[in-house]
Amino acid sequence: MKKRIVIAVLAGTTRPDRLSIHAARYVADFGRKQPGVEIIFVDPNDFAFPNDGNDPDGRDPRYTDITEKADAFFIVTPEYNHSFPGSLKRMLDTEYDNYYHKPVALAGASNGLWGGTRACEALLSVCRSLGLLITRYTLYFPRVQDIFDEQGRMRHEYVAKYEKNTQYAYDELLELARALKEG
C-alpha cells in the first residue's frame, strides 16, 4: 500500500489584488483529488516573517511545522519584473533544512503571454541551493486574468487543458515524492 504523500502548495505573493492566488488555489484543489495525497495550502499572508532584513533566520513556527511535515512542495509564483516576488524568497529562506532533498514542482502565472516563465526560471537556482529536487515539467498560467473569472473559478474553455497539464505535473511530483519517501 502506498504511503500518504503530504504536499505543501505555496502561493508566491502577498500583494493585494493578486491574480496568481487563483492559480495557486486551483493547483491545491486539483491536488486534493489525487489519491493518497494531503494538500496543505500556504498563503504567505497567513504567516509572520520578519521583513526588516535583520533576522535572516526569522521563522514562523506554523510554517516550520508545515515544511517539516511536507514530503513535497508545489510553488505557484507570479512574475514580477521578470522574477519571483520577495515574499516568496523570504518564505523559502527560512526553512533550509526542511526543504533538503524534497521534490518541488513549479507553476508560474502572469498577465502576459509568458505565464511566469521567467519567474520559474529565476526560481531554479534558489531551489537547487535549498536542496530541493525540481521536477522537469513546469505548469504555466499565461494571461491569468482570462483563465479565471472574478470569483477565482477557471473558465470552462480552459478546464480540459489545465486538467491534463496539472495532472501531468502532479504525476511527476508524486512519482518522485513516493520514490524518496519509500526508498
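The following questions and answers go through a predicted model of one protein.

Student: What should I know about the numbering and the source of the values?
Tutor: Residues are numbered from 1 along each chain as its sequence is written, and side-chain values use heavy atoms, with hydrogens and water left out. The model is predicted, so to speak of local features takes pLDDT of at least 70 and side-chain atom pairs count only at pLDDT 80 or more, while totals for chains, interfaces and linings use all residues.

Student: How many helices and strands does the protein have?
Tutor: Helices (H or I, at least four residues) and strands (E, at least two) are DSSP runs, numbered from the N terminus. Starting at the N terminus, the order of elements is β-α-β-α-β-α-α-β-α-β-α-α. The count is seven helices and five strands.

Student: What is the radius of gyration, and does it agree or disagree with a compact globule?
Tutor: The radius is taken over C-alpha atoms, and the globule rule is 2.2 Å times the number of residues to the power 0.38. Along the principal axes, the C-alpha atoms fill a box of roughly 45 × 40 × 25 Å. For 183 residues the rule gives a value near 16 Å, which agrees with the protein's 15 Å.

Student: What percentage of the residues is buried?
Tutor: Buried means under 20% relative accessible area, exposed means over 50%, and partly exposed lies in between (1.4 Å probe, protein chains only). In soluble globular proteins, nonpolar side chains tend to be buried together. Of the 183 residues here, the buried part is 52%.

Student: Is Ala107 buried or exposed?
Tutor: Ala107 lies in strand E4. Contact means heavy atoms within 4.5 Å, and beyond four places in sequence Ala107 touches Phe74, Ile75, Val76, Thr77, Cys120, Thr138, Leu139 and Phe141. Its relative accessibility is 0%, so Ala107 counts as buried.

Student: Where is Phe47, and is it buried or exposed?
Tutor: Phe47 sits in the loop between E2 and helix H2 (61-69). Leaving aside neighbours within four places in sequence, Phe47 is in contact with Val42, Asp60, Arg62, Tyr63 and Ile66. With a relative accessible area of 15%, Phe47 is buried.

Student: What is the phi of Arg143, and what is its relative accessible area?
Tutor: Most residues other than glycine have a negative phi. Arg143, in the loop between E5 and H6, is not a glycine, yet has a positive phi of about 50 degrees. Arg143 is partly exposed, as its relative accessible area is 35%.

Student: Where is His82, and what is its phi?
Tutor: His82 is in the loop between E3 and helix H3 (86-93). His82 is a residue other than glycine with a positive phi, near 70 degrees.
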